[in-house]
Amino acid sequence: MPVEITWWGHATATVVDSGVRVLTDPLFVRRLAHLRRRRGALPPPEAAVADVALVSHLHADHLHLPSLARLAPGTRLVLPYGAQRAVPRLRQLWGAGLHLTEVVPGDDVAVGDVVIRAVPAAHDGRRLPYGPRRSPALGYVVHGEARTYFAGDTGLYAEMAEEVGPCDVALLPVGGWGPYLGPGHLDAARAAQALARLTPHSAVPVHYGTYWPIGMDPVRPHEFHAPGEEFVRHAGRLAPDVVVHRLAHGESVRPGVAR
């Protein structure tokens, strides 16, 4: 099989294609501000081993500086344009030996035998709450033996299928880290609508069932537990030809790819 995907929790996953390890939105902590990890063990040290790490946007649960600092010197770090201006502490990672590349939608970054293309996301990409400096929220398509779309955080938008292009595997957010999802997010039903537009061969739901606000365990707990199963159900109705792999934390899959 041309690609292997491991889900570590939240939006963090490793995509291995053509011998290149691609890590998405690294988050390796038990607690982040008011959030705590409620399901899944912390990712093991090998989760931080990557040739390239992708950051989809500047929110702290996607651009987490202590987690990025665990990456080995020489790792390429791909970020939205303006990230270093909005988050000055990112410059310390240069000193730690990481290679930072800022991109906008349409940019390509070559790493080994894969090419990573930045695509738009319908999401507020600012580093909240630190001011008005904007930076685009992005998704990424990893082109190697397969075409793997990592959506980051996004809502549905009309040009999604056109911007993403053909893809074999889609990693789609299906929930969040709290009892309510605001604009610019996909819940399980909207993620299934996105799946029907994208028509990949396989899909992996992410961004659910990992972190939850401290003290809010009894508030709409189904929003923590249920999105993965709900996505499988909605996808079966709206995109019945897509194979959905609902992974446990730390579980890997080698999805088949249609050619």
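The side chain of Thr 75 reaches the backbone oxygen of Ala 50 at 3.5 Å. It also reaches the backbone oxygen of Ala 72, at 2.7 Å. Such a polar contact is a pair of N or O atoms within 3.5 Å; within protein, one must be able to donate a hydrogen and the other to accept it, and residues adjacent in sequence count only if both atoms are side-chain atoms. The model is predicted, so local features need pLDDT of at least 70 and side-chain atom pairs count only at pLDDT 80 or more, while totals for chains, interfaces and linings use all residues. Residues are numbered from 1 along each chain as its sequence is written, and side-chain values use heavy atoms, with hydrogens and water left out.

Thr 75 lies in the loop between helix H1 (65-68) and strand S7 (76-80). Helices (H or I, at least four residues) and strands (E, at least two) are DSSP runs, numbered from the N terminus. Thr 75 counts as buried, because its relative accessibility is 3%. Buried means under 20% relative accessible area, exposed over 50%, and partly exposed in between (1.4 Å probe, protein chains only). Neighbours within four places in sequence are left aside in the list of contacts, where contact means heavy atoms within 4.5 Å. Thr 75 then touches Ala 50, Asp 51, Val 52, Ala 53, Gly 97, Leu 98 and His 99.

Two histidines have a positive phi. Most residues other than glycine have a negative phi. Phi of His 10 is near 50 degrees. His 10 sits in the loop between strand S1 (3-9) and strand S2 (12-17), and is buried at 2% relative accessibility. His 207 has a phi of about 65 degrees. Its loop joins strand S14 (202-206) and strand S15 (211-213). His 207 is buried too, with a relative accessible area of 1%.

Helix H5 (188-198) is capped at its N-terminal end by Asp 187, with a side-chain oxygen 3.3 Å from the backbone nitrogen of Ala 189. The buried residues of H5 are Ala 188, Ala 191, Ala 192, Ala 194, Leu 195 and Leu 198. They lie on the same side of H5, because they cover an arc of only 155 degrees around the axis. The arc is that of the directions from the helix axis to the C-beta atoms. These buried residues pack against several elements, including helix H4 (160-164), strand S13 (169-173) and S14. After H5 comes Thr 199, with a positive phi near 50 degrees.

The largest pocket has a volume of about 440 Å³. A volume is the space filled by probe spheres set on the points, which are joined across faces, edges and corners. Of its 22 lining residues, the closest to the centre are His 34, Leu 35, His 59, Asp 61 and Trp 177.

The second largest pocket has a volume of about 180 Å³. It is lined by 16 residues, and Leu 181, Asp 187, Ala 188, Arg 220 and Glu 223 are the closest to its centre. H5, helix H6 (222-225) and helix H7 (227-238) each supply at least two lining residues. H7 gives the most, with 3.

Definitions and conventions
On a 1 Å grid over the protein atoms alone, a cavity is a set of points where a 1.4 Å probe fits but cannot get out, and a pocket is an open set with protein on both sides within 12 Å along at least five of seven lines; lining residues have an atom within 4 Å of a point.
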